[in-house]
Amino acid sequence: MIKAVVFDVGETLISEGRIWHRWAERLGISPFLLMGALGGMAALDRSHSDAFRLVRPGIDIDAEVAAWERDDPDGLRNHFDAGDLYPDVREALAAIRAAGHQVIIAGNQPCRAYDALVAMDLPADSVHTSDGWGVAKPDPGFFAKVAAVAGCAPGEILYVGDRLDNDVLPAAAAGMRTALLRRGPWGYLHAERPQAKAADVIVDDLHAILPALRRLA
């Protein structure tokens, strides 16, 4: 029986579209160009930072982020707020929680994302970030932290995310059940790969998680 459902953040709960548009404006390129570069990196299993280097050769990303913060200290820049939530998040998480499952948010995010997520007052029992834990996916230590905060056996946890490499495969290796969400460029691309069979379920939105839990019981 699944006792806890754990959700990734980027392109699971949060749409990153506005973030990428702001990055395109910052770099002085069209959003279409940056989105295409990001899609190419996703298809090639390369980091999103490689997309920045493709469109701006020699870029120092950390220096650019620091300069951006100096230029726009009160803006969102490369962060998010409640306006970036996918429309199904609140209702779906509330329904899962009302059905008696623990709801946990845990993803690869900086500490600032913790404050943003908590401020949204989502129907979740706890919120955690990789920077807060000091370990990031796909490191097994991240999923050990997930199991510890859930307080149950790995097999009683369903981890929900949009990627095979960071979510489904390492969570399954940790003994958890998994749901692959077809959302965002990685989600759609990864759902087409043979390794997607490793997921217990593949879903198109978060409303499909609760029916999936009933089937997995």
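Tutor: Let us begin with H1 and H4, whose axes come within 12 Å and cross at roughly 90 degrees. Axes here are lines fitted to C-alpha atoms, for helices over the stretch in contact, and angles run from 0 to 180 degrees between N-to-C directions. This is a predicted model, in which local features need pLDDT of at least 70 and side-chain atom pairs count only at pLDDT 80 or more, while totals for chains, interfaces and linings use all residues. Residues are numbered from 1 along each chain as its sequence is written, and side-chain values use heavy atoms, with hydrogens and water left out.

Student: OK, and how do H2 and H3 cross?

Tutor: The axes of H2 and H3 come within 8 Å and cross at roughly 130 degrees, which makes H2 oblique to H3. The residues in this contact are Leu33, Leu34, Ala37, Leu38 and Met41 from H2, together with His48, Asp50, Ala51, Phe52, Leu54 and Val55 from H3. By class, the contact of H2 with H3 has nine nonpolar, one polar and one charged residues.

Student: Which residues of H3 are buried?

Tutor: In helix H3, which spans residues 48–55, the buried ones are Ser49, Asp50, Ala51, Phe52 and Val55; buried means under 20% relative accessible area, exposed over 50%, and partly exposed in between, with a 1.4 Å probe and protein chains only. These buried residues pack against helix H1 (17–27), helix H2 (31–43) and helix H4 (61–71). Helices (H or I, at least four residues) and strands (E, at least two) are DSSP runs, numbered from the N terminus.

Student: Switching to H5, where do its buried residues sit around the axis?

Tutor: Helix H5 (residues 89–98) has Val89, Ala92, Leu93 and Ile96 as its buried residues. They cover an arc of only 95 degrees around the axis, which puts them on the same side of H5; the arc is that of the directions from the helix axis to the C-beta atoms. The face turned away from the buried side of H5 carries the exposed residues Glu91 and Ala98.

Student: What covers the buried side of H5?

Tutor: The cover includes strand S1 (4–7), strand S2 (102–107) and helix H11 (209–216).

Student: Since you mention S2, is isoleucine 105 buried or exposed?

Tutor: Isoleucine 105, which has its place in strand S2, counts as buried because its relative accessibility is 0%. Leaving aside neighbours within four places in sequence, isoleucine 105 is in contact with residues including Phe7, Leu117 and His128. Histidine 128 is 23 residues from isoleucine 105 in sequence, and their C-alpha atoms are 6.1 Å apart in space.

Student: Now the loops: where is arginine 77, and is it buried or exposed?

Tutor: Arginine 77 lies in the loop between H4 and H5, and it is buried, with a relative accessible area of 4%. Its phi is near 55 degrees, a positive value in a residue other than glycine.

Student: What about aspartate 121, buried or exposed?

Tutor: Aspartate 121 is exposed, with a relative accessible area of 64%. This residue is found in the loop between helix H6 (111–119) and strand S3 (126–129), and it has a positive phi of about 55 degrees although it is not a glycine.

Student: Last one: which residues does the cis peptide bond join?

Tutor: The cis peptide bond joins lysine 137 and proline 138, with omega about 10 degrees, and proline 138 is found in the loop between H7 and H8.

Technical notes: Contact means heavy atoms within 4.5 Å. Angles under 35 degrees count as roughly parallel, over 145 as roughly antiparallel, 65 to 115 as roughly perpendicular and the rest as oblique. Ala, Val, Leu, Ile, Met, Phe, Trp, Tyr, Cys and Pro count as nonpolar, Asp, Glu, Lys and Arg as charged, and the others, Gly among them, as polar.
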